[in-house]
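Have a look at the picture first, then read on.

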Amino acid sequence: RLEQSGAYGFCRHPALTGVFLFIVATPMSPPLIWILVLFVIYCLIGSYFQEKHLVERFGDQYRDYQKRVGAFFPKWRQLVRLKN
């Protein structure tokens, strides 16, 4: 079953977004900057393959979900919808 509620209603990869925000909120130091760079690369590559697998598994249902919900952060229209 494709989960689309809760945190998954705002972004498709909420756990990765949470870790990213945690790293960014930590005082920066040279080692932490490298961790952030490597984590962003991991997120981009990992999410590409994960989404490819999910499209194969769920087909058009997942493609529609991709159009509605941002990968790592909410899409602008989602935020506007929340305001109304």
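This is a predicted model: local features need pLDDT of at least 70, side-chain atom pairs count only at pLDDT 80 or more; totals for chains, interfaces and linings use all residues.

Here is a short report on confidence, cysteines and one glutamate.

Residues are numbered from 1 along each chain as its sequence is written, and side-chain values use heavy atoms, leaving out hydrogens and water.

The score pLDDT is the predictor's confidence in each residue, from 0 to 100. For this protein the mean is 90, and 92% of the residues reach 70 or more. Helices here are DSSP runs (H or I, at least four residues), numbered from the N terminus. Among the elements, helix H3 (residues 60–68) has the highest mean pLDDT, 95, while helix H4 (residues 76–83) has the lowest, 67.

A disulfide is a covalent bond between the sulfur atoms of two cysteines. The test used here is a pair of cysteine sulfur atoms within 2.5 Å, and it gives a count of 0 disulfides.

Cysteine 11 is buried (under 20% relative accessible area; exposed is over 50%, partly exposed in between, with a 1.4 Å probe and protein chains only), at 7%. Cysteine 43 is buried too, with 7%.

## A tucked-in glutamate

Glutamate 51 sits in helix H2 (residues 30–58) and is buried, with a relative accessible area of 10%. Leaving aside residues up to four places away in sequence, glutamate 51 touches Arg12, His13, Tyr62 and Gln66, where contact means heavy atoms within 4.5 Å.

With histidine 13, the side chain of glutamate 51 makes a polar contact of 2.8 Å. That term means a pair of N or O atoms within 3.5 Å; within protein, one must be able to donate a hydrogen and the other to accept it, and residues adjacent in sequence count only if both atoms are side-chain atoms.

Note on methods
Helices (H or I, at least four residues) and strands (E, at least two) are DSSP runs, numbered from the N terminus.
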